[in-house]
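Me: I've got a model open and I'd like to learn how to read its helices. Can you take me through it?

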Amino acid sequence: MAEVFVRLRRGRWPLSKGLLVEALLPLGVPLEAAQAVAHTVEERLKAEGASAVAPGVLRKVFLEEVARALGEEAAGRLARQTLPFEEILVLEGKRRRPFSKGLLARSLEDAGFSLKEAHELAKAVEGHLRQEGVKQISARRLEEVVAQVVGRALGKGAKRRYLQRQAFAGELFVEEESGEPRMPFSKGILAQSLMGIGFSPEGAYRLAREMEKALRQEGRRVIRRNELRERVYQALLKEAGEEVARRYLLLRSLRRSARPVHILIGGVTGVGKSVLASALAYRLGITHIVPSDAVREVFRASLSRDLLPTLHLSTFEAWKALLPDLGGEESHEERVMRGFLDQVARVAVGLRAIQERSALEGTSIVLEGVHVVPRYLDHPYRDRVLTVPMLVALQDEKLHRDRFLLRDQETAHARPGEKYLTHFSEIRLIQEHLLRWAQEEGVPVIPGEDLDEAVEKALEVLVAYLEAHGSREVARA
């Protein structure tokens, strides 16, 4: 049956069992018991034929199932709260808007708090409002609550800084050399650029705040883009050295290059491709991430199992759909790789089409997935883009196994670890072949054991590629 949706003023949203679990954990309910209640709520709504429910209906069903499974006391404590799927309205004159942790976090960042501090404080404020059962609150009262939470968490000085944040809100603009309209200076954009060269979020926002503070102390209202870039470059020279400063210039010029970048991230399941792809895309300001599994799902929906049987199994199981070798001499290893490459070749048709369109439109993309095998992804517009391939690999077999068990838990068994562990030898076999091909073709290998190290290595690969192949695009200007 199709999933259940919750109807809100802003539209409808898929029912999240995670939100139900989130409501129960602060009551001291064990994780497994909370997950069981959330599952029961979802199944009950589906059984009742509810495709879209109002928050009030969901609340009633949730409280009934909590009472049945955990007792009336737990249900009573929960009933006094505003639940995570219920909106909290902020009143400003005659206007009413939903409370937003994101908007509050940005307000806290403007007051000088780090990215981590801002999001933790915003989460604490929302938790306080929901535990108090707040359904609506005036903007003035909300400001008082935020100030109280900030004071309790970080002290009187932090509270004063939040209440006086408007003193730092003078206009500061960045002017483009090409005559484009001025843009407001953004600490977030600058911090994102700094994270792109390997700075931690805390370090990036600290330097961005220092840059903004220096400009305001000078009384600046407008700064040219090239001057801002030069000032950041000089600050990085002093703080992090020439290599990091050079990396900043290279990656900044990449964003403004006429040639888009196509980052190709391959690797078998469970090595961390998707996490690395998201981290790199965010740091580089790339908005298009294409998982090869999504392309495979499109093909599965449009092409029957009888027509292309290998597409309808996982890459490490595709060999099961192959016709037997007529010679009868094919080894299991050869059969596994034949099934894998058969599926890769099918999915590569869609991946190449995406690359071609992105090249013609001048759009940067990150392609990630086990089907991202460079030798299958050549296309006629390759000279219009900067293509940077890399392979993520896990050498540690125990860690690789543990990743599947962890993913099983994190997805509430939506991706059962048993399936992957049953075919672990085939997964490792495919990785061995991918590593050999990467060595033969000069594709850099990114160790997947640690995300921070993987991001750092991937950025090094990207910078080295730009220095070797994109010298005209990365010239300092």
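Me: Which hand does the crossing have where α2 passes α3?

Reply: A quick word on the source: this is a predicted model, where local features need pLDDT of at least 70, side-chain atom pairs count only at pLDDT 80 or more, and totals for chains, interfaces and linings use all residues. Residues are numbered from 1 along each chain as its sequence is written, and side-chain values use heavy atoms, with hydrogens and water left out. On to the hand: a crossing is left-handed if the near helix is turned anticlockwise from the far one by less than a right angle, and right-handed if clockwise. Here α2 passes α3 in a right-handed crossing.

Me: At what angle do the axes of α2 and α3 cross?

Reply: The general idea is that two packed helices are described by the angle between their axes and the distance between the axes. Axes are lines fitted to C-alpha atoms, for helices over the stretch in contact, and angles run from 0 to 180 degrees between N-to-C directions. Helix α2 (residues 31-47) and helix α3 (residues 55-70) have axes that cross at roughly 130° and come within 10 Å. The pair is therefore oblique (under 35 degrees is roughly parallel, over 145 roughly antiparallel, 65 to 115 roughly perpendicular and the rest oblique).

Me: Which residues of α2 meet α3?

Reply: Contact means heavy atoms within 4.5 Å. From α2, Ala33, Val37, Thr40, Val41, Arg44 and Leu45 meet α3 residues including Leu58, Val61, Phe62 and Leu70. By class, this contact of α2 with α3 has 10 nonpolar, one polar and four charged residues (Ala, Val, Leu, Ile, Met, Phe, Trp, Tyr, Cys and Pro count as nonpolar, Asp, Glu, Lys and Arg as charged, and the others, Gly among them, as polar).

Me: How far apart are the axes of α10 and α11?

Reply: Those axes are 11 Å apart, and helix α10 (residues 201-217) packs on helix α11 (residues 225-240) at an angle of about 125°. They are therefore oblique to each other, and their crossing is right-handed. Among the residues making the contact are Leu207 and Met211 of α10 and Val232 and Leu236 of α11. The contact of α10 with α11 divides into eight nonpolar, no polar and three charged residues.

Me: What span does α18 reach from its first C-alpha to its last?

Reply: The expected span of a helix is 1.5 Å times one less than its number of residues. Helix α18 (residues 424-441) has 18 residues and reaches 26 Å, close to the 26 Å expected. After α18 comes Gly442, with a positive phi near 75°. Helix α13 (residues 273-284) has 12 residues and reaches 16 Å, close to the 16 Å expected. Gly285 follows α13, and its phi is positive too, near 70°.

Me: Is Arg130 buried or exposed?

Reply: Buried means under 20% relative accessible area, exposed over 50%, partly exposed in between (1.4 Å probe, protein chains only). Arg130 lies in helix α6 (residues 115-131) and counts as buried because its relative accessibility is 12%. Leaving out residues up to four places away in sequence, Arg130 touches Gln81, Thr82, Leu83, Pro84, Glu86 and Ile88. Gly157, in helix α8 (residues 156-163), counts as partly exposed at 39%.

Me: How many helices and strands are there in the protein?

Reply: Helices (H or I, at least four residues) and strands (E, at least two) are DSSP runs, numbered from the N terminus. The protein has 19 helices and 14 strands, and buried residues make up 46% of its 477 residues.
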